[in-house]
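Hi,

Here is the structure I promised to pass on. Have a look at it first, and then read my notes below.

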Amino acid sequence: MKAQVFRGVNQLSYEEVPIPQLEADEVLVQVRVVGLCQSDIKKIRYPLYEPPRIFGHETAGVISAVGDGVKKIQVGQRVVVMHHIPCMHCEYCLNDNFSMCDVYKNITTTAGFAPSGGGFAEYVKVPGHIVRNGGLISIPDEVTFEQASFVEPTNCCLKAVKKAQVTPGQTVLVTGAGPIGLMFVMLVKYFGARAIATDLLPSRIEKALAVGAEAAFDARDPELPAKLKALTGGMGVDTTLLAVPSEKAFFQALDCTRKGGKILFFAEFPDRVEIPINPNILYRREIDLMGSYSSSYRVQSLATDIVFNRRIDVDALISDRYPLKNLAQAVEQAIAPNPETYKILIYP
């Protein structure tokens with residue numbers, strides 16, 4: 001089969017690799033579409049993992065083979081592939097910290113080499129642990145593969161919204177109106193709160209308004225804190241969701257978030273970044289800082305329902321489609337987006 005193999009930093013090789021062989025409890029999925037995620041881009045651009053590997057994890061496709069011991073899963077079934085499933089019995093899982101579970105972190109889908117997601121290939125193997133524990137989600141006939149590929153990123157964003165305890169009537173600032181920021185806007189609106197977005201690109205500011213933001217501003221606007229206070233009766237926003245890894249965005253969030261509010265880090269910052277902050281700001285204003293990484297098993301059913309029943313418009317997030325052989329060009333576009341770049345999908 002064809003696959004995009006990570007051979008080193010910024011080195012992707014479109015090459016022939018063996019189709020993965022199945023154990024009795026495993027399943028092989030023919031990949032129909034896979035989303036390009038910022039986490040994939042970081043793995044390609046920085047020395048985080050030893051090559052060779054095949055990345056890609058926002059995968060939707062068709063069951064093409066099943067192991068002898070697999071029951072209730074049929075060849076030809078259309079599925080979303082969840083690349084991580086927690087063990088459900090370690091201390092992390094028992095405390096709902098599923099993404100910290102060692103099984104979650106270390107058992108993943110693979111197209112060969114060290115298991116690393118494997119969606120950037122024509123076929124991906126799903127290990128028995130994921131097969132047995134709900135990692136293959138049937139796609140209804142009326143849902144496209146493109147739409148289904150959004151289940152995993154929707155889960156990740158939904159986890160963050162739930163962790164921040166966004167509730168009806170609140171006002172939420174979303175910093176960054178890329179594909180993740182726009183999904184946050186949609187979810188905030190879905191849960192009955194008001195979303196306000198910021199970005200540097202006028203087209204993305206307009207897009208945020210189009211998908212449901214009550215207001216959207218240039219992130220460089222020096223009057224932003226005053227404008228947000230004017231929109232919130234002098235209070236400031238209840239919660240800020242940081243969808244860009246920007247120090248300026250964080251300090252802006254401190255200025256814009258009300259006393260007793262929350263700031264959630266969703267975008268991953270480079271490891272070298274250190275943000276100096278006077279802890280008395282948090283103490284005196286009772287600002288909660290929190291982080292949200294990856295997906296949560298707890299919200300999987302809700303994420304699936306939101307996508308499959310079109311409770312948010314994931315189609316509005318798609319801007320570009322690339323064949324698998326052109327993955328490197330897709331990555332370059334994501335790194336240096338044009339004004340109309342949002343979610344990029346890849347097709348084997």
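One definition before the surface: a patch here is built from residues with over 30% relative accessible area and no salt bridge, and nonpolar side chains are joined within 5 Å. Keep in mind too that this is a predicted model.

On that basis, Tyr-46, Leu-48 and Tyr-49 make a nonpolar surface patch of about 290 Å². Tyr-46 sits in the loop that runs between helix H1 (38-45) and strand S4 (58-66). With a relative accessibility of 38%, Tyr-46 counts as partly exposed, because that class covers what falls between buried (under 20%) and exposed (over 50%).

Now for the sheet. There is an open one of six strands, paired in parallel, and the order reads S10-S9-S8-S11-S12-S13. Which strands stand at the edges? They are S10 (215-218) and S13 (288-291); each has a single partner strand, so one side of each has no neighbour in the sheet. From one strand to the next, the twist averages 20°.

Further in, S11 (residues 237-242) and S12 (residues 257-265) run parallel and are joined by five bridges. Thr-239, for instance, has Lys-262 in S12 as its bridge partner.

Two helices to look at as well. H9 (residues 224-231) packs on the sheet and touches S8 (171-175), S9 (194-199), S10 and S11; the direction of H9 makes about 170° with that of S10. H10 (residues 247-256) also packs on the sheet, where its contacts are S8, S11, S12 and S13. The direction of H10 makes about 155° with that of S12.

Cheers

Methods. Residues numbered from 1 in each chain as written. Predicted model: local features only at pLDDT ≥ 70, side-chain atom pairs only at ≥ 80, totals over all residues. Heavy atoms only, no water. Patch = residues over 30% accessible without salt bridge, like charges linked within 9 Å, V, L, I, M, F, W, Y side chains within 5 Å. Areas by Shrake-Rupley, 256 points an atom, 1.4 Å probe, with all protein chains shown as cover. Salt bridge = Lys/Arg side-chain N within 4 Å of Asp/Glu carboxyl O. Helix = DSSP H or I, 4+ residues; strand = E, 2+ residues; numbered from the N terminus. Buried < 20%, exposed > 50% of the residue type's maximum accessible area, 1.4 Å probe, protein only. Pairing = 2+ DSSP bridges. Axes fitted to C-alpha atoms, helices over the stretch in contact; angles between N-to-C directions. Contact = heavy atoms within 4.5 Å.
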